[in-house]
Amino acid sequence: MSLDRRRRGIIFILSAPSGAGKTTISRAALQRIGGLEPSISLTTRTPRGGETDGIDYRFVSDEEFRRIRDAGELAESAQVFDAHYGTPRGPLERAVAEGRDILLDIDIQGARQIRRCYPSDTATIFVLPPSFGELEQRLRGRGTEDEAAIQRRLKRARSEAEAWNEYDYLIINARIEDSIVQLDAIVAAERMRAARLGPELEPWRS
Ligand code: 5GP
């Protein structure tokens, strides 16, 4: 077994008010940062154009979601607007035990639950847009929702932005390229934390 395999996997949590550019960052991160795997969330919302079941989300009915959650198979779950979201527990815990790093793109409620459950395996990152005006522009530019839905998202985004200081790291997403570089640096630093590498140093102690 290589030394690197002996540390536990890290759960990287990326949260942001909607419209901050988090999905773009997490997609790019998964492609460009080595050794980072996605977690496929369950959701009860309907797929948007271009989304694929089993890749972007596992799209399930309310009944199926409830059954899976009540069976204890979710590491966290939350309601966002009218839909339920949840992170499957099995794949997450297997990854951590096997030393594989996972990127969770989840909301603040979910982030709190994961941090509480796996405190020493978690690193949390919050993404903010450079300004609220920018956020509004991005939400409208997406063109996937009607005015009422946009207003709801804006209201929620404002209150979500206040949670930034619960997180370990903050990325102000002005330029996507810069944000990826910053996320890459965070991932690299977390992988080098002495507390995580302790077990690897065992052979040096004797
Ligand atoms: P969207 O519907 O736009 O894809 O996601 C809405 C919000 O739900 C985003 O903030 C996203 O990060 C969050 N979300 C996606 N999957 C999960 C999940 O498994 N758990 C939680 N708690 N939030 C999630």
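1. Asp101 counts as buried because its relative accessibility is 2%; buried means under 20% relative accessible area, exposed over 50%, and partly exposed in between, with a 1.4 Å probe and protein chains only. Asp101 is found in strand β7, residues 101-105. Helices (H or I, at least four residues) and strands (E, at least two) are DSSP runs, numbered from the N terminus.

2. A note on the source: this is a predicted model, in which local features need pLDDT of at least 70, side-chain atom pairs count only at pLDDT 80 or more, and totals for chains, interfaces and linings use all residues. Residues are numbered from 1 along each chain as its sequence is written, and side-chain values use heavy atoms, with hydrogens and water left out.

3. Which side chain is joined to that of Asp101 by a polar contact of 2.8 Å? The partner is Arg7. A polar contact is a pair of N or O atoms within 3.5 Å; within protein, one must be able to donate a hydrogen and the other to accept it, and residues adjacent in sequence count only if both atoms are side-chain atoms. The side chain of Asp101 also reaches the backbone nitrogen of Ile10, at 2.8 Å.

4. Beyond its neighbours within four places in sequence, Asp101 is in contact (heavy atoms within 4.5 Å) with residues including Arg8, Gly9, Phe12, Glu37 and Arg191.

5. Ile108 lies in helix α4, residues 108-117. Ile108 is buried because its relative accessible area is 8%. Leaving out residues up to four places away in sequence, Ile108 touches Ser15, Phe126, Glu160, Ala163, Glu166 and Tyr167. The C-alpha atoms of Ile108 and Asp70 are separated by 21 Å, and the two residues are 38 residues apart along the chain.

6. The axes of helix α1 (residues 22-32) and helix α7 (residues 176-191) come within 10 Å and cross at roughly 55°. The two helices are therefore oblique to each other. Their crossing is right-handed. The contact is made by Thr24, Ile25, Ala28, Ala29 and Arg32 of α1 and by Ile176, Glu177, Ser179, Ile180 and Leu183 of α7.

7. Phe81 sits in the loop between β5 (74-80) and β6 (83-88). Is Phe81 buried or partly exposed? Phe81 is partly exposed, because its relative accessible area is 23%. The phi of Phe81 is near 55°, a positive value in a residue other than glycine. Most residues other than glycine have a negative phi.

Notes
Axes fitted to C-alpha atoms, helices over the stretch in contact; angles between N-to-C directions. Parallel < 35°, antiparallel > 145°, perpendicular 65-115°, else oblique. Left-handed = near helix turned anticlockwise from the far one by under 90°.
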